[in-house]
Amino acid sequence: MSNLPSEDELFENQFRVLNTQMEATFNPKMEQKRIEAARKSASQFKGKEHPIFGKHIGSVPMNEYYAMNKKYGVGFSNDDEFMKYLNNKVLMPNGMAANRL
Amino acid sequence: MAFDASFNSTPPTGSGVGNREQLLDLTTVLSPRQAPVYGLLPKQAATADLVEWTVDNLRTPDASNAVVEGIDVGTSGGDALKAQFGSLSRLNNRLQHFRDTFNVSKKQEIMDSVTPVRIQEAEEKAASQVLRDIEAAICSDNGAVTGAAGAAGKLRGLGVWTDPTLESGAGSQADDDVTEVPDAFKTKAGARLGDSTLELTEARFNGMLTSIFEETGEQQDMILVAGTSVRNSIIDGFTRVQNSTVASYNTGNGTTFNQGDGTDVNYNVEIFQGPYGIVKIISANPKCLPDQKRAYLLDPSLLGWSEAMSMGSTMLEDQGGGPRGYIDAMGTLCVKGPNGLGKITNFA
């Protein structure tokens with residue numbers, strides 16, 4: 001008897017392997033860590049401004065940003081009302097933005 | 001008096017011969033796996049080796065556009081009928097087929113190892129590597145290559161798309177088998193910062209944004225994907241305390257943004273609101289850029305990834321040595337408006 005994986009096991013495993021990155025990316029257990037990193041980053045910009053970019057209005061973990069990109073479409077962040085909602089209701093209360101929009 | 005020391009282990013005798021090894025299960029893959037630029041690109045299907053799309057623009061505004069009263073269109077004294085699509089142009093890029101193989105011997109597949117080195121893990125690692133290869137190709141200075149016997153087809157990277165001096169017909173790029181971007185759509189000189197003798201100052205960076213704005217005339221969905229050196233210069237060097245009248249370019253003011261030497265990369269999207277609308281800054285994967293003084297100022301609506309084959313895994317027949325297979329993907333980069341993009345390649 002060999003303990004090598006069967007063809008079926010290998011086939012099934014392909015899906016798992018290809019989704020591993022996705023699972024790691026959107027793993028809810030990692031969400032808190034990503035939020036903490038975003039908070040830390042946002043805190044650097046409190047009381048400061050960038051002469052070209054202006055004021056800091058959000059630090060969004062890249063994974064969540066891409067998820068929003070996919071859900072709402074490319075360019076969603078150019079929608080003033082959407083960004084205001086995101087800043088006021090999600091980012092500021094969670095310490096992930098240095099300024100209110 | 002001689003001790004029976006642990007180093008006395010010359011085979012087949014010695015007190016250390018029977019000592020157990022300690023190998024910790026702490027393997028670390030210290031390489032960023034992210035593909036920030038690839039992740040930004042809207043995806044669409046590709047069905048040909050040469051993927052093509054069209055671009056168009058508007059003519060120069062005419063402040064003297066005024067009609068003489070009572071004169072009909074196309075008559076003597078009236079304005080002539082014009083073809084409106086004279087500047088419609090076709091751009092294209094070549095498909096690139098990415099692939100990474102993996103195999104594990106039967107013996108290794110059976111062995112008990114602290115680091116999982118079985119076929120599943122090999123497959124996963126190959127997938128991560130192909131993703132990084134795609135990201136590196138997108139961010140590269142590669143010219144397009146038409147596939148032929150003995151030559152793999154390659155896509156034209158962002159480095160060439162955003163630098164007319166690298167295109168075919170323009171000089172230094174020997175291999176660039178796609179259409180040269182018409183002058184009206186080339187990335188403007190002001191949007192390209194590459195002088196190694198000049199510092200990356202606020203004025204230069206501001207000029208870059210202005211140059212792009214003058215082309216597009218609207219607030220875009222601007223995203224700066226930056227290497228570590230650019231990121232540090234722009235954020236640490238530029239950011240200042242509010243209401244300060246003293247520019248702190250040379251010393252910065254302790255504002256750090258995803259600082260690091262390339263191994264400590266924090267993938268937050270920093271969102272700013274200012275004169276150019278909402279601008280986002282993302283760390284590039286440092287391993288996928290030509291160098292750390294590279295950055296691209298992108299508008300995802302002007303870009304796309306044409307996918308002929310999404311990333312997939314194929315297991316090959318085990319011919320006795322052990323399980324094996326490959327991961328592959330095929331696609332190309334679409335740039336729908338190089339004149340709406342910017343690039344930093346070097347600074348002092």
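Good morning. I begin with strand β10 of chain B, residues 295-298, where A295(B) and L297(B) point one way, Y296(B) and L298(B) point the other way, and all are buried. Please keep in mind that we are looking at a predicted model.

Let us turn to the partners of this strand. On strand β6 of chain B, residues 222-226, four bridges connect to β10(B), and the pairing is antiparallel. Within that pairing, A226(B) has A295(B) as its bridge partner. Strand β13 of chain B, residues 342-344, is also antiparallel to β10(B), and three bridges join the two. Here A295(B) is partnered by I344(B).

What is the order of the strands in the open sheet? There are seven strands, and the order reads β2(A)-β8(B)-β9(B)-β6(B)-β10(B)-β13(B)-β5(B), with mixed pairing. The pairing of β5(B) with β13(B) is parallel and involves two bridges. In that pair, L193(B) has I344(B) as its bridge partner, and I344(B) is the residue that also partners A295(B).

A helix of chain A accompanies this sheet. Helix α3 of chain A, residues 62-72, lies across β2 of chain A and across β8 (268-274) and β9 (277-283) of chain B. The helix runs at about 90° to β2(A).

In soluble globular proteins, nonpolar side chains tend to be buried together. The largest nonpolar core in this model has 84 residues, and L224(B), V225(B) and L297(B) touch the most other members. Helix α3 of chain B, residues 119-138, supplies the largest share of this core, with nine residues. Setting aside neighbours within four places in sequence, L224(B) contacts V279(B), I281(B), A295(B) and L297(B).

Finally, consider R324(B), which is found in strand β12 of chain B, residues 324-335. Why does R324(B) count as partly exposed? The reason is that R324(B) has 19 C-beta neighbours inside 10 Å, whereas a buried residue needs 20 or more. When residues up to four places away in sequence are not counted, R324(B) touches F102(B), N103(B), L316(B) and D318(B). From C-alpha to C-alpha, R324(B) and T101(B) are 7.6 Å apart in space, although 223 residues apart in sequence.

Thank you for your attention.

Notes
Residues are numbered from 1 along each chain as its sequence is written. Chains are lettered from A and ligands numbered from 1 in the order in which they are written. This is a predicted model: local features need pLDDT of at least 70, side-chain atom pairs count only at pLDDT 80 or more; totals for chains, interfaces and linings use all residues. A residue is buried if 20 or more other C-beta atoms lie within 10 Å of its own, exposed if 12 or fewer, and partly exposed in between; C-beta atoms are placed from the backbone. Two strands pair if DSSP finds at least two bridges between them. A nonpolar core is a set of buried Ala, Val, Leu, Ile, Met, Phe, Trp, Tyr and Cys residues joined through C-beta atoms within 7 Å. Two residues are in contact if their C-beta atoms, placed from the backbone, lie within 7 Å. Axes are lines fitted to C-alpha atoms, for helices over the stretch in contact, and angles run from 0 to 180 degrees between N-to-C directions.
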